[in-house]
Amino acid sequence: MAHLSLYRKFRPSTFEQMVRQEHVVTVLRNQIAGDSVGHAYLFCGPRGTGKTSVARIFARAVNCENPVNGSPCGRCAACAALAEGSNLDIAEIDAASNNGVNEMRDLREKVQYPPVSGRYKVYIIDEVHMLTDSAFNALLKTLEEPPRHAIFILATTEPQKIPATILSRCMRLDFKLIPQEDLEKHLCAVLDEIGKSYEREAVSAIARAGAGSDRDMLSIAEMCIAYGEKLTYEGVTAVLGAADFNQTSALCRAILGADLRESLALTEKILSEGKAVGVLCRDILQFLNQLAVAKTCKNAEKLLALPKTLYGRVAEIAAEADGHAILRATEIFAGAEATLRFVSSPSICLETAVMKASMPAVDYNIDALLARVGALEKTVASFAENGVSAAAPKAEAAAPERRAEDPVCFSAPREEDYGFPEEEPVFAEVYFSDEPAFTSAPEGEKPVPAPKAEEKREAPKTEPAAPVSAVEMTAEVVFGKFMRTLRKTSRNGVLFTMCSDLEAVYEGGTLALYTESETVYRSLLREEHREIMAGAFSLVGVADFCVKLKGAVKRDEKAGLEQIKRDFSDYPIEIK
């Protein structure tokens, strides 16, 4: 006997054998039990979800003499006659190859003849959306008022292409994608019946590759069964053509870690081994999706259904990565996957996506900015816990070697780059310091450069200095000294960032700090921020300061004038 494919061998013959689609099966069963069968049905839904199988079961059930729970019994004379391939009471028409008006005219003539062995003649028209406009018009009248013995079942994956005049004359039943859990159960039952040993993770991988289609899953399973004596996860990934898991995980780790050099090197290595560009892009997207699930879902291990060693790798990378970085990388590669089918150089398109995903520092996308802020906050928290002095020398020692090799535009940001340097920049020392750049020298001799700031810097004084008046020092200089002191005495990077945008002005003896952002204004008024700022101001000799919101006074004045106009509406009031 010739070999029969799994999806043909295990095609359901009763409603009980159907995988899901309970909403469709229930409707058809109740109509058969109540003898209220319609004359036209439209089965629509994704491929491989059971449209044709349900149509065949229903065609035999309406003609069965003793249906069992709505399904054909398979033992009566009608079922035996319909089981023969030469029976004329059930006709399947492929609309993809019989889509002309002449075929529909022929159907309209044949439908007038009564059934041979059953009660109904059932016409199953598959891929009905392929019919031409003329063919639809030829079918329309017959579909509207068919003979009492005729039933039409139209099956399609694209119902939007069917004319409204046809849709309004049919009972529409929508088939849904099959959940992965049900696909796994069906595949396990098939493998047990054929006596094939398997790993549970391999079954989950095949069901996931089926993407909700039972036929697609069985087709993939048939290839994997022929790969080896036992169905294994490694065998399934090899058959599917997926990249090596370790290579894909290393590539995604380098991308999320903003390591451009390593990302491009791994991409070139995988592509040089013969891996298709589209397959690699799909594997990256799948791994990023696994990272997102592992980072956000409590039952991620059950949802992903990976071997323990592989899931451990996914969980480790997910714990290191920032959620915004994962989202940004997923969007980039999803866009690249859509673009790959139209470009003439797919490898360049993929490598461009890898470069963009590995360089959040040059991307002004909101997710890239949030990812960089997250890395900054993590670094500041780490410095606050372990101390800056332990990390700063390491960063300074590594920086010259790295900057000498890398081009400026492709330098990948490191965590140490986000930290606040322990030593002051030269320009800050010159601009904010009152110390002379050169020491005094006798007349006729060259002045000697003053010692560098780092050579004579002393620890910050804990006692506040004498108050500084507006005459002795401008508000800008005082504010500059405050920012330097805040950077050295506080490890709150968020507070430092908010204060950097303030505008300092002396109002009497008070140093007023203005901001245009209400969010910054409310945050700086919090007690913990006020205490830190007060401590930094006391070290530079400022005893009184306040934070104000720009535009608040004008709004208050405007509100007051409007109130005066309402209170004295009888008098003309002119505002100059």
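So, how accessible is Glu92: buried, partly exposed or exposed? Glu92 comes out as partly exposed, because its relative accessibility is 44%. The cut-offs there: buried is under 20% relative accessible area, exposed is over 50%, and partly exposed is in between, with a 1.4 Å probe and protein chains only.

Quick housekeeping before I go on. This is a predicted model, so local features need pLDDT of at least 70 and side-chain atom pairs count only at pLDDT 80 or more, while totals for chains, interfaces and linings use all residues. Residues are numbered from 1 along each chain as its sequence is written, and side-chain values use heavy atoms, with hydrogens and water left out.

Okay, back to Glu92. Its side chain meets that of Arg56 in a salt bridge, at 2.5 Å from N to O. That pair ties together distant parts of the chain: Arg56 sits in helix α3 (residues 51-61) and Glu92 in strand β2 (residues 90-94), 36 residues apart. By salt bridge I mean a side-chain nitrogen of Lys or Arg within 4 Å of a carboxyl oxygen of Asp or Glu. Helices (H or I, at least four residues) and strands (E, at least two) are DSSP runs, numbered from the N terminus. Arg56 is partly exposed too, at 31% relative accessibility.

Searching the whole structure turns up 19 salt bridges. Another one of them joins Lys110 and Asp106, at 3.2 Å, N to O. These two are about one helical turn apart, because they are four residues apart in helix α5 (residues 101-110). Lys110 is partly exposed at 44%, and so is Asp106, at 35%.

Then there's Glu301 with Lys308, where the closest N and O atoms are 3.6 Å apart. Glu301 is partly exposed at 38% relative accessibility, whereas Lys308 counts as exposed, with 67%. There's also a network: Arg20, Glu22 and Asp182 are joined by salt bridges that share partners.

Now the rings. Rings of Phe, Tyr and Trp (its six-membered ring) pair if their centres lie within 6.5 Å; planes under 30 degrees apart are stacked, over 60 edge-to-face, and the rest tilted. That rule gives eight aromatic pairs. One of them is Phe479 with Phe482, which is tilted: 5.7 Å centre to centre, 35° between the planes. Both are in helix α23 (residues 475-489), three residues apart, about one turn of the helix, and both are buried. Elsewhere, ring pairs link Tyr41, Phe43, Phe58 and Phe175 into a cluster.

That's my bit, thanks.
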